[in-house]
Amino acid sequence: MRIDVVTIFPAFFAALDVSLLGRARQSGLIEVRIHDLRDFAHDRHRTVDDTPYGGGAGMVMRAEPWGEALDAVLTPGSTLVVPTPAGSLFTQRRARELSARQHLVFACGRYEGIDQRVVEWARRDHEVLELSLGDYVLNGGEVATLAMIEAAARVVPGMVGNPESLVEESHEEGLLEYPSYTKPASWRGLDVPPILLSGHHGAIAAWRREQSIDRTRRIRPELLPDDGTDL
Ligand code: 6GU
């Protein structure tokens, strides 16, 4: 999988050198390149923003540097991801979809966003996804891009040591994950649920599923089917 990121803050992406993702990059499973948008601005101050047409607060990122940057990184078959709080929700399903793409390009906007014509233009020849992490506002697309890259990269086959650990985690089955425990069996007066020490694998699986459903009902009821469907 190849990933290109265009940003005015390349330093954010030093985080990609560490941990699981760092190893995946070293092994060649994932190839990430970071590009500075200002390298595609040609005035003395390397300007990438301007005031919004129609007025209003804040600045908008100009189409010209974005056009040149995307000309340099988009190839036939690229998917362009534009992180924005005005996008559709980035979910585990989306992460899986992104993980199957051969080439992802992330366009990190700052200020009040990127001139909308950039998205319109890119849609002529490419799949373009405007995606949001959730209903809150970040200062720019960089942190959102890091989250999306991590979520997509960790489900690329060969990334996580034990593929089974991916199956039972939160959101993979539309439920929150059950609670986990490790040694010691008793800690500060709190005991691990005895069923987990019983060795009865069937009973343990049933208990965990019940915990998942309970937890989802309590914390994220909107994730459950509301039509009486059995889980
Ligand atoms: Cl993708 N971008 C920004 N700037 N803010 C966000 C977001 C994205 N998702 C949630 N808030």
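This report walks through the ligand site, the pockets and a handful of individual residues in the structure above. Keep in mind that the model is predicted.

**Around the ligand**

Let's start with the ligand. The residues around it are P83, T84, P85, L131, S132, L133, G134, Y136, V137, L138, G140 and A144.

Is S132 buried or exposed? It counts as buried, because its relative accessibility is 4% and the cut-off for buried is under 20%. Leaving out residues up to four places away in sequence, S132 touches T84, P85, G87, S88, L89 and F90.

The largest pocket holds about 490 Å³ of space. It is lined by 27 residues, and those closest to its centre are P83, T84, P85, A86 and G113. Strand 5 (79-89), helix 4, strand 7 and helix 5 (141-153) are the elements that each give two or more residues to this lining. Which element gives the most to the lining of the largest pocket? That would be strand 5, with five residues. By residue type, the lining of the largest pocket splits into 15 nonpolar, nine polar and three charged. P83, T84 and P85 turn up here among the residues closest to the pocket's centre, and they are also on the list of residues around the ligand.

Next comes the second largest pocket, with a volume of about 340 Å³. Its lining is made of L89, F90, T91, Q92, R93, R96, H171, E172, G174, R220 and L223. Helix 3 (residues 92-99) supplies the largest share of that lining, three residues. In this second pocket the lining divides into three nonpolar, four polar and four charged residues. Two of its lining residues, L89 and F90, are also among the contacts of S132.

**Helix 2 and what covers it**

Helix 2 (residues 63-73) has P65, W66, G67, A69, L70 and V73 as its buried residues. What packs over them? The cover for the buried residues of helix 2 includes strand 1 (2-7), strand 2 (31-36), strand 4 (60-61), strand 5, strand 6 (103-107) and helix 4. So strand 5 shows up both in this cover and in the lining of the largest pocket, and the cut-off behind "buried" is again under 20% relative accessible area.

**Some single residues**

H126 is in the loop between helix 4 (117-122) and strand 7 (127-132). With a relative accessible area of 16%, H126 is buried. Beyond its neighbours within four places in sequence, H126 is in contact with L74, T75, P76 and S78.

R215 belongs to helix 7 (residues 201-219) and is partly exposed, at a relative accessible area of 26%. Setting aside residues up to four places away in sequence, R215 touches L176, E177, Y178, P179 and R220. One of those, R220, also lines the second largest pocket. R215 and G67 are 148 residues apart along the chain, and their C-alpha atoms are separated by 46 Å.

A185 lies in the loop between helix 6 (164-167) and strand 8 (186-187). A185 is partly exposed, with a relative accessible area of 41%. Its contacts, leaving aside neighbours within four places in sequence, are L190, D191, V192 and L197. A185 and D50 are 135 residues apart in sequence and 60 Å apart in space, C-alpha to C-alpha.

P184 is in the loop between helix 6 and strand 8. The peptide bond from K183 to P184 is cis, with omega near 5 degrees.

Two non-glycine residues have a positive phi. For R46, phi is near 50 degrees; R46 lies in the loop between strand 2 and strand 3 (49-50) and is partly exposed, at 33% relative accessible area. For R188, phi is also near 50 degrees; R188 is found in the loop between strand 8 and strand 9 (190-191) and counts as exposed, at 73% relative accessibility.

Technical notes: Residues are numbered from 1 along each chain as its sequence is written. This is a predicted model: local features need pLDDT of at least 70, side-chain atom pairs count only at pLDDT 80 or more; totals for chains, interfaces and linings use all residues. Side-chain values use heavy atoms; hydrogens and water are left out. Helices (H or I, at least four residues) and strands (E, at least two) are DSSP runs, numbered from the N terminus. Buried means under 20% relative accessible area, exposed over 50%, partly exposed in between (1.4 Å probe, protein chains only). Contact means heavy atoms within 4.5 Å. On a 1 Å grid over the protein atoms alone, a cavity is a set of points where a 1.4 Å probe fits but cannot get out, and a pocket is an open set with protein on both sides within 12 Å along at least five of seven lines; lining residues have an atom within 4 Å of a point. Grid points are joined across faces, edges and corners, and a volume is the space filled by probe spheres set on the points. Ala, Val, Leu, Ile, Met, Phe, Trp, Tyr, Cys and Pro count as nonpolar, Asp, Glu, Lys and Arg as charged, and the others, Gly among them, as polar. A residue is near a molecule or strand if one of its heavy atoms lies within 4 Å of it.
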